[in-house]
Amino acid sequence: MTHYMKLNPQPFSMIAEGKKTIELRLWDEKRRQISAGDTLIFTNTANPNLSLQCTVKALHLFPDFTELYRELPLDKCGYLPEELPTAAPEDMEAYYSKEQQQKYGVVGIEITNVSAFPLAD
């Protein structure tokens with residue numbers, strides 16, 4: 001199955017460069033459709049003609065980002081080395097409220113086999 005998601009430019013670039021191999025999302029209805037082996041296509045929010053295709057390697061489920069941050073390697077989740085000392089679960093509240101996390105839980109989507117391509121017009 002193929003799933004489509006949007007990514008901001010920095011995480012998009014980090015995935016393209018192989019520096020980010022775990023995408024963090026809410027474990028909502030849309031993400032509950034994802035399984036290991038599925039294909040993800042990420043579209044760059046700044047340039048919708050740029051996309052990344054990858055394969056879902058594993059899903060790491062947690063009740064909230066506090067637990068996820070304790071268990072997963074944050075350098076694989078999109079943090080730069082200089083950001084690791086100050087990385088905090090609250091960083092994800094810019095995207096997902098505590099209430100949303102409590103309602104759905106969260107997921108670290110581990111990806112592999114990343115390839116970049118422009119979308120056809």
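Close-up 1. K57 counts as exposed because its relative accessibility is 52%, where exposed means over 50% relative accessible area, buried under 20% and partly exposed in between, using a 1.4 Å probe and protein chains only. The closest N and O atoms of K57 and E110 are 3.8 Å apart, and the two residues form a salt bridge, that is, a side-chain nitrogen of Lys or Arg within 4 Å of a carboxyl oxygen of Asp or Glu. This pair links distant parts of the chain: K57 sits in strand β4 and E110 in strand β5 (residues 106–118), 53 residues apart. Helices (H or I, at least four residues) and strands (E, at least two) are DSSP runs, numbered from the N terminus.

A word on what you are looking at: this is a predicted model, in which local features need pLDDT of at least 70 and side-chain atom pairs count only at pLDDT 80 or more, while totals for chains, interfaces and linings use all residues. Residues are numbered from 1 along each chain as its sequence is written, and side-chain values use heavy atoms, with hydrogens and water left out.

**Close-up 2. The network of K20, E23 and R25.** Here, salt bridges that share partners join K20, E23 and R25 into one network. On one side, the side chains of K20 and E23 meet at 2.7 Å, N to O. E23 also forms a salt bridge with R25, with 2.8 Å between the closest N and O atoms. K20 and E23 are buried, and R25 is buried too. Counted by this rule, the salt bridges come to seven.

**Close-up 3. The buried face of helix α1.** Look for F12, M14 and I15, the buried residues of helix α1 (residues 9–16). Seen down the axis of α1, these buried residues fall within an arc of 165°, so they line one face of the helix; the arc is that of the directions from the helix axis to the C-beta atoms. Following α1 you will find G18, whose phi is positive, near 80°.

**Close-up 4. N47 in its loop.** N47 lies in the loop between β3 (39–44) and β4 (50–62). With 30% relative accessibility, N47 counts as partly exposed.
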